[in-house]
Amino acid sequence: MTRGISRHAKWIATGALAACVAAATPAAAATAPAVSCTSAKAGLADKLKRDITSALSHRSGTIAVGLYDRTTKTTCTLRSSTAYDSASVVKVTVLATLLWDAKKHNRYLTDRESTLAKAMITKSDNDATSKLWRQLGLTKIKGFLAAAGMTQTKPGANGYWGLTQITVTDEQKLLKLVTAKNTVLSDNSRAYILKLMGQVISSQRWGTPYGAGSGISWHVKNGWLQRSTHGWRVHSVGTFKGGGHDYMITVLTHGNSTMNYGITTIQGVAKVIHRDLAAS
């Protein structure tokens with residue numbers, strides 16, 4: 001991985017190395033983990049594996065993918081346990097924790113909490129998130145993660161919620177909880193989370209919904225963060241229902257040269273997933 005980052009840094013520094021990097025790409029690709037898919041639908045797993053692999057074949061950075069479709073019992077994974085800085089994707093976990101804790105105390109959200117929650121999810125408001133994160137505290141956040149079985153998620157320290165460590169495995173667990181009856185989140189809580197994820201402002205509707213058919217309902221939360229190491233982190237989690245399918249997609253990326261580069265990578269994956277499921 002270190003070698004890959006080094007090459008990427010040199011790519012940024014000088015275009016003269018472009019040919020060398022291009023020549024080295026096949027060797028790097030040979031050691032990369034492969035997309036893994038299983039499905040109860042004949043032929044679907046092979047098609048998804050082939051198409052997701054193809055969509056990622058010329059993309060730089062470190063990319064993790066998760067797909068689960070309840071209808072066809074289809075699962076695809078790539079780097080499912082690789083940890084990424086969460087950026088704003090963790091905001092769904094913050095909202096879920098808030099609702100889980102309120103349920104434990106048999107209370108509704110206050111007007112203040114509702115206002116902050118709406119801003120946090122629909123506009124990705126950071127100040128609102130910080131206020132809710134402080135209110136909840138690490139004990140409650142860790143309590144929800146334990147209840148949800150999200151054992152790979154590590155909350156960011158010292159108030160840095162955007163540096164929470166997340167994985168595809170745990171994000172998919174969270175999306176499954178949000179989209180089906182369970183003992184962790186009440187039906188009202190799940191409906192509320194999905195409602196807000198379905199009201200994300202238009203400028204933040206990129207990522208996993210890309211390529212979904214007109215008859216598909218979607219709910220999304222994206223995250224983006226630039227740091228001195230691993231470049232841009234760009235992530236998208238989404239749930240989708242319609243066309244005879246009920247599925248969720250997580251794509252986590254870092255090592256992107258720009259935010260838009262990461263978005264393009266995610267949307268390339270999402271497009272083939274929506275297409276293959278629609279055709280199945």
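Predicted model: local features only at pLDDT ≥ 70, side-chain atom pairs only at ≥ 80, totals over all residues.

So, the second largest pocket: its volume is about 290 Å³. Quick word on terms: on a 1 Å grid over the protein atoms alone, a pocket is an open set of points where a 1.4 Å probe fits, with protein on both sides within 12 Å along at least five of seven lines, and lining residues have an atom within 4 Å of a point. The volume is the space filled by probe spheres set on the points, with grid points joined across faces, edges and corners.

Residues are numbered from 1 along each chain as its sequence is written, and side-chain values use heavy atoms, with hydrogens and water left out.

Who lines that pocket? Among them are Leu-99, Lys-103, Arg-107, Tyr-108, Asn-188 and Tyr-192. Helix H4 (91-104) and helix H8 (187-197) are the elements that give two or more residues to this lining; helices here are DSSP runs of H or I, at least four residues, strands are E runs of at least two, and both are numbered from the N terminus. By class you get 5 nonpolar, 4 polar and 2 charged residues, with Ala, Val, Leu, Ile, Met, Phe, Trp, Tyr, Cys and Pro as nonpolar, Asp, Glu, Lys and Arg as charged, and the others, Gly among them, as polar.

Now the sheet. It's open, with 6 strands in the order S1-S3-S2-S8-S7-S6 and antiparallel pairing; two strands pair if DSSP finds at least two bridges between them. S1 and S6 are the edge strands, each pairing on one side only.

At the S6 end, S6 (residues 217-226) and S7 (residues 232-242) run antiparallel and are joined by 10 bridges. They make a hairpin with 5 residues between them, and His-230 in the turn has a positive phi of about 60 degrees. Gln-226 has Trp-232 in S7 as its bridge partner.

Further along, 5 bridges join S2 (residues 62-69) to S3, again antiparallel, with Val-65 partnered by Leu-78 in S3.

Cys-37 is joined to Cys-76, S to S 2.1 Å. Cys-37 sits in strand S1 (residues 36-38) and Cys-76 in strand S3 (residues 74-78), so the pair ties together parts 39 residues apart in sequence. The S-S torsion is about 115 degrees, so this disulfide is right-handed. Both cysteines are buried, meaning under 20% relative accessible area with a 1.4 Å probe, protein chains only.

Conventions:
Disulfide = S-S within 2.5 Å. Buried < 20%, exposed > 50% of the residue type's maximum accessible area, 1.4 Å probe, protein only.
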